[in-house]
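Hi everyone, and thanks for making time for this. Let me put the structure up on the screen, and then we can walk through it together.

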Amino acid sequence: MNTKKILVAAAWPYVNGDIHIGHLAGYFIPADIFTRYSRLKGIDTVFVSGSDCHGTPITVEADKRGISAKELVNEYIPKVHEIINQYGISYSLFTSTITENHKKVTQDVFLNLFKNGYILKKKSLQYFSDTDNKFLPDRYVEGECPHCHSQGQRSDQCENCGRSLGFGELINPYSKLTKAPVTLKETEHYFIDYPKLEGQIKEYVLNHEGTWKDWVFKETIGFINEGLQERAITRDLDWGVEIPVNDLPEEERIEFADTKRFYVWFDAVIGYLSATIEYCNANGLDYRDYWNNKDAKHYYFMGQDNLTFHTIFWPGQLIGQNLNYNLPYFPSIVKFLNANGQKLSKSRGNIIDAKKVADHFGADLIRFYITSILPENKEGNWDWNDFKNSVNSELGGNIGNFIHRVLTFYKNKLNADKFDFEIDSELRNKIELAFTNVGDFLENGQFISALNEIKKLSTTGNQYFDYNKPWEKLKTDIPEAQRIIFNCIQLVNALRILINPFIPAASNKLSENLGLNILESEIDHDQFKFTKLSLAGITVVEQLQPLFKKIEDEHITAFNA
RNA sequence: CGCGGGGUAGAGCAGUGGCAGCUCGUAAGGCUCAUAACCUUGAGGUCGUGCGUUCGAAUCGCACCCCCGCAACCA
């Protein structure tokens, strides 16, 4: 029994649109690979996330479609679950930010910050619509540019002359929705006193120099060195977690608190904590074993736009609790994934939909390809031709074909007999090294390198097979042919385990083909290592099919049609 | 002077002072157990540009050029 515990915290998909390959690359796939790997090692690994349901983009989208925010959210949540099932993302719990539990935890976090003196009340000016009798977020406001006097400009920057605008500079501002004029009005909000937390946050970050990826560390420390500002945690909006003003002394309540909600960034990250609590409560566990136990390491997975929220603001929220919560141990952050050399964007129309692409090609192929182009240190690019080549030659030709040629040879030429040999020591060393290297790479957020180790091992297998020519030995020296295939089957078994975190469905299919139990990630065994496989324990299925089918150009053309 | 990342073979990338590497693609050869798969060998690079430090620079310094992220849709 391994006493170590790991919390895998994947970014929360924002439910105002469909999931696409950017989300897959950003957190779904890397977080799942890591979780599966960690569980195969026998480590108690809790993997949580959920739908991020609050915030202005949700209300904007809902308004645009003439439905309520809640209706919008309820429409998208099942779609996210569909993606999770389709790709086999092995969450312990995938919840949402609209649960009672999340509301309570968020309010508790706020009250603790308040109690510990990290919350400020501040008044500022905000656009207000008299007609609607409500404050409007900046994104809802348009007006005339004070510099070039073009109409219909946003409040922060003029698209016509390119100049950025100070707050309140817009001439004749009006609501984007109702076109009714808006005025600046004073409003009161809560802020987190980040300048007060800055010292502790910086110390935390400096402690991770060398363990975090270089660019992640530099970007974080660069941001801190500019000086942290007080940061608003409430907004004038009616969609979100309510502020528990009744739990505060009268003089500390902000005015019109019932018309305000927590800002989405504040409550979304708290989801990691609230989801762990929800999961533990439902399963008779104690969340403190994950959040207060110093042997529990927290791995976070997200895209680069979320960097400061997870390396600065969220740690600050946790530090300010004074509850000795574990801080993020390793933020596995990726850059953006482009498609065909262009940024993914709805307006460019080059979004590749996660559901559609898995329906068409199968989730494992997408998992494999995305992992091979993961934007670990610089932007990645989805290219259809590259996709075809990668899947056909690396996955099908190298890995898939090695497995298939070994198993068909064993079954058809050697009658699937139960012979036993000593394992070639050189091969054994290579297999053991592959397990070590893949593990080390995964623990450092280097998924591409981890995958390359697996490809290398498969290449070793193909070389071993070719060099030893078992098909010739078959005619002259059957025991030698058996010995060679015995060794190859050990390699196949190693690959079965090694590919499991990356392409679980293929790994499970291979287990079935061998009559083995599929790798059970929940059980308490250390499975991610080399173990000699006895042929007595396997039964190759009658109808042996290749694990991966080739992708033809027509498939791609059909998908893009 | 905003902060940060990147520019290395046709494509995608690794490589932070010591003969320029990996995967794919490509050329030639081999094999026939296997999904025309696999194996071997080869071609292909002024390491963005210039200057400098050094016995030695992709790697360190300075200057410059180009692409990208942090601010709308968006991970």
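Let's start with a question: how many residue pairs are in polar contact between domain 1 and domain 2? The count is 8 residue pairs, with both residues at pLDDT 80 or more. By polar contact I mean a pair of N or O atoms within 3.5 Å; within protein, one must be able to donate a hydrogen and the other to accept it, and residues adjacent in sequence count only if both atoms are side-chain atoms.

Some housekeeping: this is a predicted model, where local features need pLDDT of at least 70 and side-chain atom pairs count only at pLDDT 80 or more, while totals for chains, interfaces and linings use all residues. Residues are numbered from 1 along each chain as its sequence is written, chains are lettered from A and ligands numbered from 1 in the order in which they are written, and side-chain values use heavy atoms, with hydrogens and water left out.

Now, the domains. Chain A divides into domain 1 (5-106 + 264-355), domain 2 (117-259) and domain 3 (384-560), with bounds that come from an automatic or database domain assignment. The C-alpha centres of domain 1 and domain 2 are 23 Å apart. Where they touch, domain 1 gives 38 residues and domain 2 gives 32 residues, contact meaning heavy atoms within 4.5 Å.

The size of an interface is often given as the accessible area lost when the parts come together. Here, domain 1 and domain 2 bury about 3000 Å² between them, and carbon and sulfur atoms give 72% of that; the area is what two parts lose with a 1.4 Å probe, summed over both. On the domain 1 side, Thr56, Ile312 and Phe313 supply 18% of the area buried against domain 2, more than any other three residues.

There is also 1 salt bridge between these two domains, that is, a side-chain nitrogen of Lys or Arg within 4 Å of a carboxyl oxygen of Asp or Glu. Glu242 pairs with Lys103, their closest N and O atoms 3.6 Å apart. Helix 9 (307-319) is among the elements on the domain 1 side, and helix 9 gives the largest share, 10 residues. Helices here are DSSP runs (H or I, at least four residues), numbered from the N terminus.

Let's turn to the RNA. How many residues surround RNA strand B? There are 50, the closest being His23, Asp305, Glu379, Glu394 and Lys550; near means a heavy atom within 4 Å.

For examples, a phosphate oxygen is 2.5 Å from an N or O atom in the side chain of Asn16, and a sugar or linking oxygen is 2.5 Å from one in the side chain of Glu219. Helix 12 (384-412) is one of the elements lining this surface, and helix 12 brings the largest share, 12 residues.

That's my tour, so over to you for questions!

Conventions:
Helix = DSSP H or I, 4+ residues; strand = E, 2+ residues; numbered from the N terminus.
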